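Biologist: I'd like to learn how to read a model like this one, feature by feature. Can you walk me through it?

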Amino acid sequence: MIDAFYNGGLHLFSGGWWTGVTWPVVWNLIKIVVVLLPLMGAVAYLTLWERKLLGFMQVRHGPNRTGPWGLLQPIADAVKLLTKEIIRPTAASKGLFFLGPLMAIMPALAAWVVIPFGPDMALANVNAGLLLVMAITSIEVYGVIIAGWASNSKYAFLGALRASAQMVSYEIAMGFCFLVVLMVSGSMNMTDIVMGQSKGVAFGGVFAETFVAWNWLPLLPIFVVYLISGVAETNRHPFDVVEGEAEIVAGHMVEYSGMGFATFFLAEYASMWLVSILAVIMFLGGWLPPFAFLDFIPGWIWLGIKTFVVVSMFIWIRATFPRFRYDQIMRLGWKIFIPVTLVWLIVVGIWMHSPWNIWH
Amino acid sequence: MDVKTGFFYMFALVMLFSAFRVITARNPVHAVLFLMLTFSQAAGVWLLLKAEFLAIALVLVYLGAVMVLFLFVVMMLDIHIDSLRQGFWRHLPLALGIGGLISLEMAMVLFGGFRTGDAPVVPETVANAAGQVVQYSNTKALGTLLYTHYLYPIEIAAVLLLIAMVTAIALTLRERKDSKKIDPSMQVRVRASDRLELIKLAPTQAPQPVEPEAEATTEEPKK
């Protein structure tokens, strides 16, 4: 059906010098929209789910007035934010002030180009997929810096410096986690990484094709470091001192109003989804079912369930832990996570050359 | 004309424009941001050349790491644009001369191999040692070359970078005697008994016997 649709479109746009240009561009735009629309919906409803789950954990109601069970709350929020006045400080840098939020959200969405939703379901099945994700998410920090600088406010600038230092620091620990995963997978291709987890050579293959065979168990320290780095990299609780509610007020987005602020908000939630789905793909077996007999349920449903669980864990963490101090955050990233990942890198390297290698 | 040509012209135009703006932008921060844009467009052109790994490495290393530091430094500099622009016309002839010389040298090097043969084409498939046709992977070829022929240079570069990182961490490990900093691991390890002492008290105290002396003194004035 997809092929028929593609050929039909090819026919529709044929006839001139523009044939080779227009339809491939339009076709790819269609594919991007098909991926991004559900993603934006998921981002919007994650805000509702966060409030509901926090309410449940703190034994109170979440939002429950707008629509049935409060389901229209994200839409109401969006309408409210859209109708708010957009204010730009007089001395702010004109173009960059509006570029900031865009630079924050664009990488969080662009990285989805290599995320596989099934064995053959990705916008681009790139060989260097993991590296591409790292490259794209490393641009995310510019949104923060540009926003902080362009606001022409000391508070915003300080917030931007703190935020970007934190994001860059945890990117290093995350990079080492990626490195260990691609060492055991022998590939940077996301599909290969998932397929490599279905082999289950450990324990004489007793647990092959069950959730024990996935990467999270043999690489448990790396999995934990990745999850915590992910929380820190997305500036989520308990690492949300970026906003510095006690010292500086609301960080790099302090001068933004209405949709500008909302874009930063959406960027945070979009990167939460991204970090979660990467955790699922690298450590939790992607679209693989936890037991082989559950094969009849389509892979993308498993992927969705797992990602949803990981995202909910972010909210669980927020409901549970007290906030870290800024120097504690930097210490954790540099002096604990980087040595731990480095040591585990060497351990896995030796393990892979020993007779007990389980990643053939 | 296909998609690639269109994208090439788009990347090339934006790259030329932003490269020009790097040196003409009045605000140094804007100049740095235009430099970033130039890098990203160059990565796009490399992608079109099917050098995916190099393009991604350019974005990862230069855009994601080096330029962030650059941007930090430039943002915090106190640059007066007026004083920078002084003597522009006086130095222009010399600058033009040096620029022309560099262009000439580059032209001499580059034009030797320019348009003399066919455009280089990246092969889709190649034959391996056994004579079988396999999918050609740019990244794989680069990796094979780096880890065989150029193993020592890449190992040295990697170790140097690792040392730089470990050193940066080690520099923060110094202790000052008069520092009032709190050690987080000590903080975490604290027990309730360190902060709070619980004293056992009997739930109800027996009534104290009233001392006869005190009774005597209070009652004395009445008498």
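Biologist: Over residues 130–151 of chain A, how much of the chain is helix and how much strand, and how far apart are the end C-alpha atoms?

Modeller: Helices (H or I, at least four residues) and strands (E, at least two) are DSSP runs, numbered from the N terminus. Over residues 130–151 of chain A you get 91% helix and 0% strand, with the end C-alpha atoms 34 Å apart. Before we go on, this is a predicted model, where local features need pLDDT of at least 70, side-chain atom pairs count only at pLDDT 80 or more, and totals for chains, interfaces and linings use all residues. Residues are numbered from 1 along each chain as its sequence is written, chains are lettered from A and ligands numbered from 1 in the order in which they are written, and side-chain values use heavy atoms, leaving out hydrogens and water.

Biologist: Which residues of chain A does UniProt mark as "transmembrane region"?

Modeller: UniProt positions are in the numbering used here, feature names are shortened, and annotations may be inferred rather than shown by experiment. The unreviewed entry for chain A gives 25–48, 96–118, 130–151, 172–191, 211–229, 269–288, 300–320 and 332–352. Take residues 96–118 of chain A: that span is 65% helix and 0% strand, and its end C-alpha atoms are 38 Å apart.

Biologist: How many helices and strands are there in chain A?

Modeller: Chain A has 12 helices and zero strands. The C-alpha trace of chain A spans about 65 × 65 × 45 Å along its principal axes.

Biologist: Where is Pro238(A) found?

Modeller: Pro238(A) sits in the loop between helix H9 (220–233) and helix H10 (258–283) of chain A. A cis peptide bond joins His237(A) to Pro238(A), with omega about 0 degrees. Another backbone spot to look at is Trp69(A), whose phi is near 55 degrees, a positive value in a residue other than glycine. Trp69(A) lies in the loop between helix H2 (19–57) and helix H3 (73–83) of chain A.

Biologist: How many salt bridges does the structure hold?

Modeller: Side chains of opposite charge can pair when their charged atoms come close. The rule wants a side-chain nitrogen of Lys or Arg within 4 Å of a carboxyl oxygen of Asp or Glu. Over all chains there are six. One of them pairs Arg318(A) with Glu50(A), the closest N and O atoms being 2.9 Å apart. Arg318(A) is in helix H11 (residues 299–320) and Glu50(A) in helix H2 of chain A, so the pair ties together parts 268 residues apart in sequence.

Biologist: How many residues of chain B are in contact with chain A?

Modeller: Contact means heavy atoms within 4.5 Å. By that test, 33 residues of chain B touch 35 residues of chain A. Buried area is the accessible area (1.4 Å probe) that two parts lose on being put together, summed over both. Here that is about 2800 Å², 79% of it on carbon and sulfur atoms. On the chain B side, Ile56(B), Leu60(B) and Met75(B) lose the most area to chain A, together 19% of what that side buries.

Biologist: And how many salt bridges does the rule find across that interface?

Modeller: Zero between chain B and chain A.
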